[in-house]
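Dear colleague,

I am passing on the structure we spoke about, and my notes on it follow below. Please read them with the model open beside you.

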Amino acid sequence: QVQLVESGGGLVQPGGSLRLSCAASGSIFSINNMGWYRQAPGKQRELVAGITSGGTTTYARSVKGRFTISRDNARNTLYLQMNSLKPEDTAVYYCNADLGPSYGLAYDYWGQGTQVTVSS
């Protein structure tokens, strides 16, 4: 049973910072691409940032220069450092991983989400 568990969300003032973590556990043979998505009320889920197994990153235009995605392959953990937060960053943030529970298999897994609220 594979699980992705996010942590680090919360309430922060505009201009503040938060660091999200996503720990993968269970039967894991390999983890390929990983990413952070977010969904604000009334809006579709959108990609915030992604990272390949080799460390190549991609960012949504709205967060480029403010957010940094990284991963610790030894710990099967994904991070999102969020700086200069804005009210429009308020959303539920989800961790996603293309993960192989055994050799030759790969499935798409999602975490349960963590709320980020940016407000004064």
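**Salt bridges around R38**

R38 is buried, its relative accessible area being 6%, and please keep in mind throughout that this is a predicted model. The side chain of R38 forms a salt bridge with E46, where the closest N and O atoms lie 2.7 Å apart, and E46 counts as partly exposed at 35% relative accessibility. R38 also meets D89 in a salt bridge, at 3.0 Å from N to O. This second pair joins distant parts of the chain, since D89 sits in the loop between strand 8 and strand 9 while R38 belongs to strand 4, 51 residues apart. D89 is buried, with a relative accessible area of 1%. Together with R66, the residues R38, E46 and D89 are linked in a network of salt bridges.

The structure holds four salt bridges, and one of them joins R75 to D72, with 3.3 Å between the closest N and O atoms. Here R75 counts as exposed, at 60% relative accessibility, and D72 as partly exposed, at 23%.

As for strand pairing, strand 3 pairs in the antiparallel sense with strand 1 (residues 3-7) over five bridges, and V5 stands opposite A23 of strand 3. Strand 3 also pairs with strand 8, again in the antiparallel sense, over six bridges, and there L18 has M82 in strand 8 as its bridge partner.

How values were computed. Residues are numbered from 1 along each chain as its sequence is written. This is a predicted model: local features need pLDDT of at least 70, side-chain atom pairs count only at pLDDT 80 or more; totals for chains, interfaces and linings use all residues. Side-chain values use heavy atoms; hydrogens and water are left out. Two strands pair if DSSP finds at least two bridges between them. Helices (H or I, at least four residues) and strands (E, at least two) are DSSP runs, numbered from the N terminus. Buried means under 20% relative accessible area, exposed over 50%, partly exposed in between (1.4 Å probe, protein chains only).
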